[in-house]
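We will walk through it together, starting from the inside.

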Protein chains: 2
Amino acid sequence: MSSELLVGNAVIGQSGGPTAVINQSLVGVVEGLRGADAIKRVVGARNGVRGMAEKQVIDLTHIPNDQLEAIAGTPSAALGSTRDKPDSTYCERIFENCKENDIRYFFYIGGNDSSDTCRIVNELSNDSGYELRCFHIPKTIDNDLMESDHTPGYPSAARFVALAFLGDSLDNKSLPGIKINIVMGRHAGFLTAASALARQHHDDGPHLIYLPERNFDPDEFVADVDRVYARLGRCHIAVSEGIHNAAGEPISALMSGLREVDAHGNVQLSGTGALGDWLANLLRVKLTPQGGKPPRVRADTFGYLQRCFPDASPVDQAEARAAGRKAAEIALMGDFDASIAIKRVGDDPYWADMKAVDLKSVAAKTRTMPDEYIRGHNDVTEAFLDYVRPLVGPLPTMGRFD
Amino acid sequence: MSSELLVGNAVIGQSGGPTAVINQSLVGVVEGLRGADAIKRVVGARNGVRGMAEKQVIDLTHIPNDQLEAIAGTPSAALGSTRDKPDSTYCERIFENCKENDIRYFFYIGGNDSSDTCRIVNELSNDSGYELRCFHIPKTIDNDLMESDHTPGYPSAARFVALAFLGDSLDNKSLPGIKINIVMGRHAGFLTAASALARQHHDDGPHLIYLPERNFDPDEFVADVDRVYARLGRCHIAVSEGIHNAAGEPISALMSGLREVDAHGNVQLSGTGALGDWLANLLRVKLTPQGGKPPRVRADTFGYLQRCFPDASPVDQAEARAAGRKAAEIALMGDFDASIAIKRVGDDPYWADMKAVDLKSVAAKTRTMPDEYIRGHNDVTEAFLDYVRPLVGPLPTMGRFD
């Protein structure tokens with residue numbers, strides 16, 4: 001650890017699927033660095049690592065405060081994002097560009113792949129003896145990073161899902177039928193589980209919640225829906241896009257006929273209605289009584305609105321900002337390299353702190369929902385609701401006649 | 001016209017696809033009738049005409065004000081809705097039940113099919129000499145009713161579409177590609193057109209808007225997208241679910257393989273991602289360069305959230321309430337039968353009045369977007385934006401670096 005002032009420039013990048021608050025973290029870093037003696041210039045890399053490798057940057061040193069504040073409140077990545085997952089050659093190019101441009105502070109806002117990029121660049125700097133302080137600031141609506149109580153971006157997406165289910169459950173009650181809503185989340189069910197916040201009265205949906213933490217059995221699904229439909233005359237269902245069979249094969253990828261794979265080897269799950277349509281058809285076929293009329297079945301796939309709808313959770317906004325500021329603050333203190341994690345301090349009132357954690361403990365790892373948040377194969381527990389409720393901000397109370 | 005006090009009971013029903021403000025109109029009628037000397041009891045019919053035919057009602061005479069207020073602010077039909085389109089036998093049963101239960105005031109909140117039901121019931125009462133005052137209160141997110149500047153329900157749905165496109169256009173800018181969003185609206189493009197409110201900067205989406213008022217030509221569509229994609233490196237597109245070819249066949253129904261038809265003879269358009277997926281695939285196939293990589297194409301279908309998301313436009317809430325109150329007020333004044341229409345009085349500041357119009361002028365007719373609101377085959381005009389902007393309530397201003 002060096003205690004001397006490390007004078008140089010700073011670069012910030014944004015990566016992966018954007019969120020409603022990823023710009024709060026960006027502005028948090030800028031704020032945290034501004035005016036520091038050690039910092040000469042702050043630049044933003046366009047499209048994350050791509051801009052770092054190709055020297056496409058924006059100078060952020062003198063952006064007016066009111067413009068920064070407007071950007072902080074704007075969803076999606078203001079610097080542009082990328083799906084590139086840099087290999088070691090790519091990371092070397094980034095590192096060489098940092099050296100060439102006197103960059104001593106490196107901030108990358110993204111998911112677990114981004115923390116891995118930070119880790120590799122950091123190792124290159126350690127090996128070469130060029131001091132470069134590397135920080136990862138977490139961001140993902142999937143809430144699937146290790147070490148954090150939750151990740152910036154998740155509370156706002158959970159808010160959208162909760163509001164959407166609040167309205168849609170009443171729509172389903174108005175015109176009874178079977179309604180399936182497909183929610184984002186490849187490996188972790190946290191976002192799908194947030195649909196349970198829509199339950200304000202005993203018969204409110206979602207009546208069934210399917211998470212990627214449990215195997216999905218189509219026959220069991222049909223039997224579950226049949227049971228609820230017989231009881232209530234309707235059935236409102238939350239399904240994670242990441243549901244898979246016992247062999248671990250995603251149901252979505254099996255159905256869509258599409259096998260588009262991104263640079264990370266992930267099969268495309270979002271941006272298609274195939275899973276919802278397949279499940280709806282399955283229910284139509286299986287639940288039509290002999291010689292009778294098929295039930296009314298509809299499916300909506302919430303899609304990208306979950307990560308970019310401009311109605312962020314206030315807690316999420318404040319925390320994403322604080323995570324950026326914390327990274328800047330620690331970077332200026334000495335030769336640390338870290339990821340920032342949110343630690344919950346208390347629930348009444350809700351309060352959380354930002355902590356620095358080892359990059360290696362976050363990099364390329366995935367957290368899923370713990371068992372105590374999951375009830376059986378199609379529901380969540382009160383413990384999960386206690387966990388998520390303080391994060392999403394106030395939800396409207398729905399009125400009804402009985 | 002009778003000038004005597006017509007003493008009796010009142011029934012209110014809600015019909016068709018719910019909206020975010022259909023309960024405001026319900027509460028407006030209840031408020032308008034309460035305390036009137038002529039009114040003995042006010043009942044709500046469960047599930048619209050079905051409850052009227054099957055005598056399934058809720059007594060609304062003494063519901064506490066705070067409960068009424070909570071219901072007013074709640075999306076979807078609190079009394080339950082229906083897709084039933086009553087034929088003359090069905091209407092006779094309703095009329096007989098009205099006579100039997102001393103019902104003298106009949107209020108039906110719904111689209112143009114509901115105004116037709118009002119018209120038929122009203123004719124039965126005229127023919128029989130049993131005075132029954134019949135009122136239609138408009139409701140539809142499609143904004144496709146005659147006589148009204150716009151319909152209650154449309155501003156809130158337009159608000160959701162504008163907010164969704166605001167966020168999603170920035171998502172498309174963050175991770176450039178081709179993005180298609182499918183918006184509700186079977187015959188009228190008003191809701192799809194509201195996506196244009198998301199354009200705050202010169203390169204904001206939607207870059208292309210396809211409305212059901214113009215024929216949809218897949219080849220022209222591919223050429224349009226290709227042109228925008230070549231210029232901006234991305235393309236953000238709004239498509240109405242009701243687009244059809246020159247022969248008038250809906251593209252959606254041709255593609256989905258589903259031919260589910262409701263009681264009104266309408267093919268199912270919502271609750272499936274088929275149209276978006278088909279258009280996305282078309283672009284993938286047609287825009288892949290020889291031997292090259294296909295462009296990144298995604299499609300989202302906004303679905304039912306458009307009509308039930310719990311974030312109603314303030315103007316819409318006030319107008320839907322006022323429309324209900326106006327119907328009650330006129331009903332108590334004398335032997336009128338009418339539909340309520342919104343007439344815009346001024347734009348600066350925005351102001352509108354409620355007027356009674358002839359049931360026949362609304363019943364079973366459809367309004368589409370006038371030519372002056374449409375530019376070419378894939379855009380809207382400034383005149384449309386001037387029309388829609390005051391209706392949706394304040395939209396957040398998006399920040400950006402350049």
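A nonpolar core is a set of buried Ala, Val, Leu, Ile, Met, Phe, Trp, Tyr and Cys residues joined through C-beta atoms within 7 Å. A residue is buried if 20 or more other C-beta atoms, placed from the backbone, lie within 10 Å of its own. This is a predicted model, in which local features need pLDDT of at least 70 and side-chain atom pairs count only at pLDDT 80 or more, while totals for chains, interfaces and linings use all residues. Residues are numbered from 1 along each chain as its sequence is written, and chains are lettered from A in the order in which they are written.

With that in hand, look inside. The largest nonpolar core holds 241 residues, and A:Phe106, A:Phe107, A:Val161, B:Phe106, B:Phe107 and B:Val161 have the most contacts inside it. In soluble globular proteins, nonpolar side chains tend to be buried together. Zoom in on B:Phe106: leaving aside residues up to four places away in sequence, B:Phe106 touches B:Val11, B:Cys98, B:Val121, B:Leu132, B:Arg133, B:Cys134 and B:Phe135. Here, touching means that the C-beta atoms, placed from the backbone, lie within 7 Å.

Next, find the sheet in chain B. Seven strands form an open, mixed sheet in the order S3-S2-S1-S4-S5-S10-S11. Strands (E, at least two residues) and helices (H or I, at least four) are DSSP runs, numbered from the N terminus, and two strands pair if DSSP finds at least two bridges between them. S3 (57–59) and S11 (350–357) of chain B stand at the edges with a single partner strand each, so one side of each has no neighbour in the sheet. S10(B) (338–347) and S11(B) pair in the antiparallel sense over eight bridges, and B:Lys343 stands opposite B:Asp353 in S11(B).

Helices lie across this sheet. H1(B) lies across S1, S2, S4 and S5 of chain B, running at about 175° to S1(B). H5(B) (112–128) lies across S4, S5 and S10 of chain B, at about 175° to S5(B). Such angles run from 0 to 180 degrees between N-to-C directions, with axes fitted to C-alpha atoms, for helices over the stretch in contact. The axes of H1(B) (22–33) and H12(B) (314–333) come within 7 Å and cross at roughly 35°.

Finally, where do the chains meet? In all, 48 residues of chain A are in contact with 48 residues of chain B. H6(A) gives the most to chain A's side, with nine residues.

Note on methods:
Contact = placed C-beta atoms within 7 Å. Buried ≥ 20, exposed ≤ 12 C-beta atoms within 10 Å, placed from the backbone.
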